Each structure stands twice: as structure tokens, then as C-alpha cells.
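I opened this entry to keep track of what I looked up, item by item.

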Amino acid sequence: MMENKDILVDVQGLTHQFPMGKKKSIKAVHHVSFQIRRDEIFSLVGESGSGKSTVARCLMNIYEPTEGTIRYDGINLCDKKEREQHKTRLQRERQIIFQDSASALNQRMKTKDIVAEPLRIQHIFSEKEELDQYVRQQLEMVGLEENYLNRRPSELSGGQRQRIAIARAFGMKPRLLVADEPIASLDVSIQAQVIKLFQHLQEEHDCAILFIAHDLSMVRYLSDRVGVMCKGHLVEMGETEKIFQNPLHSYTKSLLSAIPVPDPALEKKRSSVTYDAASIWNTGIMVEAEEGHWVMQEEADHENLI
Ligand SMILES: Nc1ncnc2c1ncn2[C@@H]1O[C@H](COP(=O)(O)OP(=O)(O)OP(=O)(O)O)[C@@H](O)[C@H]1O
Ligand SMILES: [Mg+2]
């Protein structure tokens with residue numbers, strides 16, 4: 001059972017549409033509801049275009065939801081006044097890492113200043129020495145040594161720039177970290193290192209993480225709970241192991257059946273399940289199949305009920 005005091009993020013009926021011309025719009029997210037506990041890693045998975053990044057951006061107030069509410073520690077993020085009132089706190093406590101964070105870095109700033117900037121704005125350190133040392137430490141944690149401190153983003157590789165973005169976000173010790181495919185551009189060895197940082201941040205600093213990734217093995221390894229998105233709908237949600245061992249929605253079954261198995265003999269025997277996402281039939285009804293494991297009813301189930 002999730003108790004109210006444990007909840008950091010509460011998303012209710014989130015809908016987001018992108019206007020396309022005068023009359024048309026793209027419904028990227030339909031009536032999605034979920035919560036994130038203060039101390040958990042919650043992942044969103046689903047095919048490309050299913051609405052994961054749109055949800056993430058709504059949580060960071062980069063997009064304004066068309067409908068629904070998002071509360072962060074009780075603060076209504078959809079209310080401009082409330083947001084303004086808690087501006088400093090929200091800037092400090094909520095951090096985001098994008099897949100292409102690298103391209104959003106200020107090209108004119110040096111690595112060390114990029115990482116130090118949010119810490120300076122928030123006056124986290126009173127001594128310059130302390131700040132410098134802290135910045136060095138954060139960069140070292142993502143595998144960037146001293147000689148990168150004075151370089152500018154244009155003088156670094158894509159993976160190195162991504163690590164700067166990660167160091168900058170982690171350095172703030174956020175209470176909510178939204179990580180939208182944060183490691184896709186990194187080498188496998190660095191990926192493992194960064195994943196350890198995520199775990200460390202979550203365990204040591206009581207941070208809630210919204211994690212979005214295409215690598216389902218990584219999601220399984222890292223997350224406490226998982227939400228599955230298909231065509232803008234959240235179709236299933238629950239504890240990670242329950243979802244992976246006993247997927248209930250046909251879309252989740254097909255998604256998980258595509259994960260390669262390392263054992264070639266086993267891989268041969270497996271049948272992959274295909275799911276035509278176009279056939280998703282939105283009943284809008286989420287049923288709690290077992291405690292904490294929610295699944296959206298499908299057309300067939302719905303007919304059985306009538
Ligand atoms: N700025 C935008 N303007 C118009 N449509 C958009 C915009 N951003 C996303 N979309 C559309 O909204 C839908 C959801 O996109 P979103 O980026 O949230 O998907 P995603 O699940 O993050 O996909 P991926 O795994 O490829 O990152 C898609 O149909 C996409 O084309
Ligand atoms: Mg995305």
C-alpha cells in the first residue's frame with residue numbers, strides 16, 4: 001500500500017495534446033495517472049512515440065498539460081501561482097537529464113562552470129574552494145578527469161557532454177530526478193558506472209527517479225516499479241518483477257517477448273508475441289489485478305464483463 005506521506009509525485013488524469021494547425025492536434029498522452037514514492041525508481045517503458053517524454057516534460061513544467069493535475073510534494077504544478085510561490089525550491093529539487101542534454105549545454109561555458117552554475121544560483125556553497133572541489137568530485141564520479149574542467153562542450157565527444165549533463169543534475173542532489181534515456185549515448189562501461197550513480201543517489205539521498213529507457217534489462221535491474229505506455233495510454237503498472245514475470249496486458253506481453261535471452265537454446269524455443277498497437281482499445285478502466293498491479297482492460301475483457 002502506498003501511503004500519502006510516501007508520495008512525492010501524484011499525476012492524475014494527465015492529458016497532453018500538441019496543436020497541429022487550427023483544428024487538429026496530436027494526442028500524445030491520454031488520461032495517465034500514476035504516483036512516484038519519495039524513495040523509488042519508477043520507470044516508463046513503451047514503444048517510440050508512446051508519450052513517455054511528453055509525460056516527463058509535463059512533470060518538469062516544460063509542457064503545460066491539456067488536462068489533469070500533477071502534484072509535487074503537495075504543490076500543484078499546473079497552477080502557475082503555486083509554481084511561482086515555490087520556484088526556488090522546485091528549481092533546486094527537480095532535475096532532468098535528457099537523452100540529448102548534451103546539445104542543451106551552454107557552448108560558451110567551461111565544463112566546470114556548467115556543473116557549478118545551478119549550485120551557484122542556489123548558493124549551496126559559501127566558499128569558492130569548497131564549490132570547486134565539489135564540482136571536481138561530481139565530474140570524477142562520471143569518469144571525467146581534471147583535464148576536462150576547462151574545456152568547452154564543442155571540444156568534447158557526445159558521450160562526454162552527456163556526462164557533464166549528468167554531473168550537473170546529480171550535483172544538485174535532487175529530490176526528483178527525471179531521466180529521459182540518460183545513458184543511451186554512453187559506452188557500456190560508462191553506462192554501468194552511471195547506473196550505479198543512480199542507485200547511489202536514490203539510496204543515500206532519498207531521491208525519487210522517473211527513469212525512461214528502451215533497454216528493458218536495464219529497467220528491470222534498476223526500477224522498483226514500472227509503467228507501460230502504448231499510444232499515449234498507460235496500459236499496465238506495478239512492481240517491476242510482477243510486470244516482468246507476469247505481464248497481463250497484450251501490449252506488455254509483446255514488448256517483453258522482444259527482449260533477447262542470452263541462452264541461444266532458450267532463445268530458439270521462445271515465441272515472440274506480436275501486438276498491433278493500432279488495435280489498442282481504450283476502455284480507460286484500470287483494474288487492480290493483484291495488489292499494486294494495475295492493468296487496463298482490453299476489448300475482449302470488456303465484452304466479457306457486459
Ligand atoms: N513538440 C511536439 N510537437 C508535436 N508533436 C509532438 C511533439 N513532441 C512529441 N510529439 C508527438 O507526441 C507523441 C509522443 O511523443 P513522445 O516524444 O512523448 O514519445 P516517446 O515515448 O518519448 O518516444 P521515444 O521513445 O521515441 O522517445 C508522438 O506521436 C510524437 O510524434
Ligand atoms: Mg522520448
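I count a residue as near a molecule if one of its heavy atoms lies within 4 Å of it. The model is predicted.

**Ligand site**

I started with ligand 1. It has 14 residues around it, and those that come nearest are Ser-48, Gly-49, Lys-52, Ser-53 and Thr-54. I then looked up polar side-chain atoms. One in Ser-48 lies 2.6 Å from an oxygen atom of ligand 1. For Ser-53, an N or O atom of the side chain is 2.7 Å from an oxygen atom of the ligand. His-214 also places a polar side-chain atom by an oxygen atom of ligand 1, at 2.9 Å.

**Antiparallel sheet**

Next I traced the strand order. I found an open sheet of four strands, β2-β1-β4-β5, with antiparallel pairing. Which strands stand at the edges? They are β2 (24-37) and β5 (75-76); each has a single partner strand, so one side of each has no neighbour in the sheet. I then checked β1 (residues 7-20) against β4 (residues 67-72): five bridges pair them in the antiparallel sense. In this pairing I noted Gln-12 opposite Thr-69 of β4. Helix α1 (residues 52-59) lies across β1, β2 and β4. I noted its angle to β1 as about 115 degrees.

I moved on to β7 (residues 176-180). Is this strand mostly covered or mostly open? It is mostly covered, with five of its five residues buried. Leu-176, Val-178 and Asp-180 point one way, Leu-177 and Ala-179 the other way. I looked up its partners. Strand β6 (residues 94-97) runs parallel to β7 and is joined to it by four bridges. Ile-97 stands opposite Ala-179 there. Strand β8 (residues 208-212) is also parallel to β7, through five bridges. Ala-208 in β8 is the bridge partner of Leu-176.

**Cores**

Last, I looked at the nonpolar cores. The largest has 54 residues. Which members touch the most others? I listed Leu-139, Ile-164, Phe-170, Leu-177, Phe-198, Phe-211 and Val-228. Another core lies apart from this one, with 31 residues, among them Leu-59, Ile-75, Ala-208 and Ile-212.

Notes:
Residues are numbered from 1 along each chain as its sequence is written. Chains are lettered from A and ligands numbered from 1 in the order in which they are written. This is a predicted model: local features need pLDDT of at least 70, side-chain atom pairs count only at pLDDT 80 or more; totals for chains, interfaces and linings use all residues. Side-chain values use heavy atoms; hydrogens and water are left out. A nonpolar core is a set of buried Ala, Val, Leu, Ile, Met, Phe, Trp, Tyr and Cys residues joined through side-chain atoms within 4.5 Å. Buried means under 20% relative accessible area, exposed over 50%, partly exposed in between (1.4 Å probe, protein chains only). Two strands pair if DSSP finds at least two bridges between them. Helices (H or I, at least four residues) and strands (E, at least two) are DSSP runs, numbered from the N terminus. Contact means heavy atoms within 4.5 Å. Axes are lines fitted to C-alpha atoms, for helices over the stretch in contact, and angles run from 0 to 180 degrees between N-to-C directions. A polar contact is a pair of N or O atoms within 3.5 Å; within protein, one must be able to donate a hydrogen and the other to accept it, and residues adjacent in sequence count only if both atoms are side-chain atoms.
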